[in-house]
Amino acid sequence: MAQLLSATEIQEKVGQLSGWHLEGKEIRCQKTFKDFVEAIAWVNKLVEPAEAAGHHPDITISYNKVIVSLTTHDAGGLTELDFDLATVISSL
């Protein structure tokens, strides 16, 4: 199982990620697109890196807005897995 990060480590890592914020035991980002089709196309780009990492985000889609939430459920909070995937997602 992945190791939980300390509060200090979490704050440091969130500060290094543009567009992400801490919400409870999750990190989240919101992306806004021209329309639903573009939003879904972007979500589809998340599939391959999430599968490769064996780590899957929670995704909320509302027409042209996508919210991505990351936490390591089996660890009960944030781990390196979350920040590694957030970095990949940010580069899409």
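Setting aside neighbours within four places in sequence, Cys 29 is in contact (heavy atoms within 4.5 Å) with Gly 19, Trp 20, Val 66, Ile 67 and Val 68. This is a predicted model, where local features need pLDDT of at least 70, side-chain atom pairs count only at pLDDT 80 or more, and totals for chains, interfaces and linings use all residues. Residues are numbered from 1 along each chain as its sequence is written, and side-chain values use heavy atoms, with hydrogens and water left out.

**Strand β2**

- Cys 29 sits in strand β2; helices (H or I, at least four residues) and strands (E, at least two) are DSSP runs, numbered from the N terminus.
- With 3% relative accessibility, Cys 29 counts as buried, a label for residues under 20% relative accessible area, with exposed over 50% and partly exposed in between (1.4 Å probe, protein chains only).
- From Cys 29 to Leu 46 it is 17 residues in sequence and 13 Å in space, C-alpha to C-alpha.
- Ile 27 is also found in β2, and it counts as buried because its relative accessibility is 0%.
- Beyond its neighbours within four places in sequence, Ile 27 has contacts that include Val 14, Leu 17, Trp 20, Val 68, Leu 70, Phe 83 and Ala 86.
- Ile 27 and Leu 70 are 43 residues apart along the chain, yet their C-alpha atoms are separated by 5.4 Å.

- Not counting residues up to four places away in sequence, Ile 89 touches Trp 20, Trp 42, Leu 46, Val 68 and Leu 70.

**α2 against α3**

- The two helices pack at an angle of about 140°, with axes 10 Å apart; axes are lines fitted to C-alpha atoms, for helices over the stretch in contact, and angles run from 0 to 180 degrees between N-to-C directions.
- That makes α2 and α3 oblique to each other, since angles under 35 degrees count as roughly parallel, over 145 as roughly antiparallel, 65 to 115 as roughly perpendicular and the rest as oblique.
- On the α2 side, Trp 42, Leu 46, Pro 49 and Ala 50 meet Leu 85, Val 88 and Ile 89 of α3.
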